[in-house]
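Here's a quick tour of one stretch of a model and what sits along it. Take a look at the sequence and structure first.

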Amino acid sequence: MNYDQWKLSNPVDDGYGYDMLSNCCGAVMHDDSDICPDCKEHCEPIEDYEYEEMRKEAWAEMMADGKRDEGL
């Protein structure tokens with residue numbers, strides 16, 4: 001990416017500087033294929049910050065379920 005593209009790009013969702021990850025296991029996807037290179041399953045490529053947000057939400061839900069199960 002050249003300086004002009006960087007300067008004019010949207011820092012959150014411009015597609016520059018973000019890796020595309022599979023939504024199933026977080027493997028880096030280098031091409032436009034919809035087959036995960038690690039688990040060989042059909043998946044959707046998403047940007048790395050979206051995958052991290054999904055993982056945070058899953059962790060928060062898991063912790064909430066654990067607290068409910070313990071009765072706290």
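What follows covers a helix, a salt bridge and a surface patch.

## Ground rules

This is a predicted model, where local features need pLDDT of at least 70 and side-chain atom pairs count only at pLDDT 80 or more, while totals for chains, interfaces and linings use all residues. Residues are numbered from 1 along each chain as its sequence is written, and side-chain values use heavy atoms, with hydrogens and water left out.

## Helix 2

Helix 2 covers residues 48–70; helices here are DSSP runs of H or I with at least four residues, numbered from the N terminus. Its 23 residues reach 33 Å from first C-alpha to last, close to the 33 Å expected at 1.5 Å a residue (1.5 Å times one less than the number of residues).

## The salt bridge

Searching the whole structure turns up one salt bridge (a side-chain nitrogen of Lys or Arg within 4 Å of a carboxyl oxygen of Asp or Glu). R68 pairs with D65, and their closest N and O atoms are 2.1 Å apart. The two are three residues apart in helix 2, so about one helical turn separates them.

R68 is exposed at 59% relative accessible area, whereas D65 is partly exposed at 28% (buried is under 20%, exposed over 50%, partly exposed in between, with a 1.4 Å probe and protein chains only).

## The nonpolar patch

W59, M62 and M63 make a nonpolar surface patch with about 350 Å² of accessible area together (Shrake-Rupley, 1.4 Å probe, only the protein chains shown counting as cover for residues). Patch members have over 30% relative accessible area and no salt bridge, with nonpolar side chains (Val, Leu, Ile, Met, Phe, Trp, Tyr) joined within 5 Å and like charges within 9 Å. M63 lies in helix 2 and is partly exposed at 37%.
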